[in-house]
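Colleague: I have a model open and want to learn how to read it. Can you take me through some features, one at a time?

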Amino acid sequence: MARSKALAKSIIALIVLVIIIAAALAGWYIWTQMQRPTEKIYIRFAGWSAGETEMKNYEKIISLFQEQHPDIIIKYEVITQMFHENILASYGAGVAPDVFYLDSSWAPIFIDKGAVLPISDYVDEEFINQFYSFLLEPFKGADGKIYGLPKDWSMLMLFYNKKLFQQAGLTRPPDTWDELVKYAEIITNKTGVPGLAIYLGGFNRYMPVALSNGAPKPWFDSPDDASWFDHPVVRETMEWYINLYLKGKIEREQKGLPPYVVAPSDVGAGWLGDAFGSQKVAMVISGNWMIPFLADQYPDFKFGEDWDIAPVPRGTKGRVTMAYTVALAINSKTENPEAAVEFVKFVVGKEGQKTLVVKMGHTLPSIKGLENDPDMWPQHRKSLSFLDEYTMVQIFLWGPKSGELESKISDIMAAAMRGEITIDEALESMKQVVQEMFQG
Amino acid sequence: MAKPIFKSQIFFESKEIVQKKFSKIIVKKKYREALSGLLLVSIATLLNFVFGYFAALFAVYLSFFEWNYIGPMKFVGLKNYEILLRDLLRGISGAHYFLAPFYTGLKNIVLYTLIVVPTQTFLAMVLAAFANQKIKGVQFYKVSYFLPAVTCPVIISLIFIWLFMKYGFINYMIQLIIPGFAPDWIHDKNYLLYAIALVAIWGTSGHFMVSFLAAMQSIPRELYEAAMLDGAGPIRRFIYITIPMLKPMIVYVVVMGMIGALQMFDLAWVMAGPSGGPGGAGYTMALDIYREAFINLRPGVAAAKSMFLFTLIFVSTYIFQKKYKVVPR
């Protein structure tokens with residue numbers, strides 16, 4: 001009896017001891033954790049992800065950066081969907097990240113409201129001069145300062161299926177817009193495969209046609225800018241673009257003929273890359289983002305042998321392509337602007353872009369001098385060589401409300417392409433949309 | 001207290017003390033129970049206040065302001081409601097769907113609700129009647145009816161997009177009954193809304209079946225026995241006993257169905273896309289509210305439109321309940 005009591009006592013004592021030690025350890029751990037922020041700088045970095053490889057490469061770059069800057073800790077946050085909407089909401093809630101991706105079309109919203117830091121105040125001119133100047137344009141504020149440094153970019157080009165071209169007896173890619181349609185028709189008539197795939201709608205995809213035929217550069221920020229749609233070239237080219245689908249698909253099918261222009265969904269594809277890679281269409285006009293997709297999803301469909309790229313077709317007044325770029329921007333309310341700038345410089349600088357852009361082959365580097373890097377994918381190198389042929393490179397940015405404008409005008413274009421409204425109704429509606437958007 | 005003399009005295013006294021102590025414990029316990037109850041409830045209440053009531057009230061407040069998430073909010077009075085009204089008026093006067101998106105959403109969602117709610121209620125009742133039978137393997141049917149209710153709507157939509165393709169399974173089956181009838185469900189503006197409604201009915205009937213099943217099982221058996229003695233067959237028993245006895249549950253299911261249908265978002269988002277598909281046929285009010293908030297960056301207008309949707313849901317369900325409410329006897 002007494003022995004068992006003593007045993008129980010010692011067991012209890014042991015348990016109490018263990019608890020005391022555990023509590024002490026926990027306390028010590030929490031204390032060290034609390035001490036940390038005073039020593040180290042935390043930078044929250046938010047981006048979307050083009051897949052696991054990209055995320056891993058970013059993690060690699062971040063750990064490399066942290067090795068060189070042991071007092072800075074980067075917290076990498078991946079937002080997979082509705083990226084800018086999420087960032088805006090986080091601003092509304094006051095918990096926006098320190099560094100984040102900023103797409104050219106969203107830039108004015110952030111710059112005009114003073115939400116992002118003028119990065120040109122923190123880095124020297126030499127660093128900024130490394131970038132292609134047209135890629136900096138969308139991130140320039142009214143004060144001439146630069147508010148974001150482009151991390152990479154892509155441009156539109158013509159992708160064509162060499163085998164289908166051969167079958168149709170065509171020896172080179174189309175050089176003009178009229179040739180594009182002619183070739184599409186020839187290919188369909190000879191092979192039965194639709195010649196060209198385009199999206200229903202897509203204001204940005206129509207833009208090279210307008211600009212290469214002499215339409216004024218688009219910029220919408222007041223009701224008067226609706227007059228852009230009255231310009232005879234805009235009218236003419238818009239009609240041409242809408243007719244691509246209206247005549248190439250809808251009217252052809254009404255006549256019982258196979259369509260020579262289709263939308264990806266018409267051939268059971270999710271997007272242009274899918275339609276082209278599965279060889280259900282002979283030509284698409286798309287950007288560099290399609291290149292890694294084709295390599296990954298259609299490894300047997302080989303660049304150079306089976307397909308090739310060419311510059312976007314020419315208009316009467318030159319050759320124009322669209323460029324899409326994303327910058328790294330810094331929250332103007334960040335507590336550690338210097339550390340954030342260091343990190344941005346590291347990622348968008350030469351070494352960072354070599355790892356994140358050139359080697360990975362997703363997009364094009366935004367700084368000059370990497371064109372002949374041995375790690376550059378041949379497809380991307382070829383697309384960069386087209387730059388000299390373009391009279392103009394238009395960035396995806398139509399004014400302070402680019403996103404809304406793009407989506408509304410695209411909806412109207414789609415309705416016209418399906419034949420639900422006439423071209424006149426479409427242009428009138430587009431004008432009305434612009435007028436209402438910027439009314440008082 | 002004097003020293004106890006008899007043993008029995010000790011006994012009585014101690015009993016008293018024990019009783020006293022015991023009642024003290026009970027009081028304490030009651031108090032403690034109330035306290036712990038309040039503590040447990042407080043978490044849910046707090047969450048409800050922050051994410052429910054506060055958010056709702058903030059939306060009312062927001063509907064009078066112009067804001068784009070960054071920077072200060074600007075008071076604009078009833079301007080956001082004016083934008084909403086202009087959209088509705090323009091839609092009534094016959095403008096294209098892209099110039100009157102909210103009206104298009106309203107028109108579509110009313111039609112959608114009129115199709116979905118009666119059908120799903122009726123179907124749920126019929127399914128419940130089947131599941132209520134004492135037949136072999138009834139558990140299997142119950143599970144298979146209920147399965148769509150626990151499946152993610154986005155996944156259901158994706159599967160149905162595939163089934164609804166021009167050369168898909170649904171058209172293949174239709175061909176067997178009506179040869180030559182093969183609409184392009186998802187890409188034809190005349191069929192898109194019906195396709196979405198079909199998916200919704202399929203997805204929600206099983207859920208409401210459970211409600212009806214529970215109500216059916218509480219109907220006294222004697223009623224059926226008496227009716228059987230009077231010679232009523234199964235269909236007449238269903239019409240004259242089951243349906244009237246289910247009336248409170250029918251009201252509940254219709255109201256819940258209306259609330260769900262009027263704010264439908266997920267199916268339209270996946271099946272029609274953010275801009276509502278061809279001719280805006282799959283556009284809904286909830287889709288438009290989302291677009292105002294996050295694409296057009298006008299949270300104030302989105303809030304004003306939400307107020308309209310709230311009023312619509314509140315008024316329609318209130319009228320329905322008022323009209324068909326069963327007064328407890």
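**Reading the interface and beyond**

Modeller: Start where the chains meet. Across the interface of chain B and chain A, 6 residue pairs are in polar contact, both residues at pLDDT 80 or more. A polar contact is a pair of N or O atoms within 3.5 Å; within protein, one must be able to donate a hydrogen and the other to accept it, and residues adjacent in sequence count only if both atoms are side-chain atoms. Strand E1 (65–68), helix H2 (79–92) and helix H12 (285–294) of chain B each supply at least two residues of the side that touches chain A. Helices (H or I, at least four residues) and strands (E, at least two) are DSSP runs, numbered from the N terminus.

Modeller: This is a predicted model: local features need pLDDT of at least 70, side-chain atom pairs count only at pLDDT 80 or more, and totals for chains, interfaces and linings use all residues. Residues are numbered from 1 along each chain as its sequence is written, chains are lettered from A and ligands numbered from 1 in the order written, and side-chain values use heavy atoms, without hydrogens and water.

Colleague: How many salt bridges are there between chain B and chain A?

Modeller: A salt bridge is a side-chain nitrogen of Lys or Arg within 4 Å of a carboxyl oxygen of Asp or Glu. The count here is 2. Glu436(A) and Arg90(B) meet in a salt bridge, at 2.3 Å from N to O.

Colleague: What is the area buried between chain B and chain A?

Modeller: The size of an interface is often given as the accessible area lost when the parts come together. Buried area is that loss, summed over both parts (1.4 Å probe). Here the area is about 2,300 Å², and carbon and sulfur atoms give 58% of it. In contacts (heavy atoms within 4.5 Å), 24 residues of chain B meet 28 residues of chain A.

Colleague: Is H12(B) mostly covered or uncovered?

Modeller: Buried means under 20% relative accessible area, exposed over 50%, partly exposed in between (1.4 Å probe, protein chains only). In H12(B), 9 of its 10 residues are buried, so by this cut-off the helix is mostly covered. Among them are Leu287(B) and Tyr290(B). The buried residues pack against helix H16 (402–417) of chain A, and also against helices H3 (101–131), H11 (266–271) and H13 (299–324) of chain B.

Colleague: And Ile21(A): which class does this residue fall in?

Modeller: Ile21(A) sits in helix H1 (residues 2–39) of chain A. Its relative accessibility is 46%, so Ile21(A) counts as partly exposed.

Definitions and conventions
Buried area is the accessible area (1.4 Å probe) that two parts lose on being put together, summed over both.
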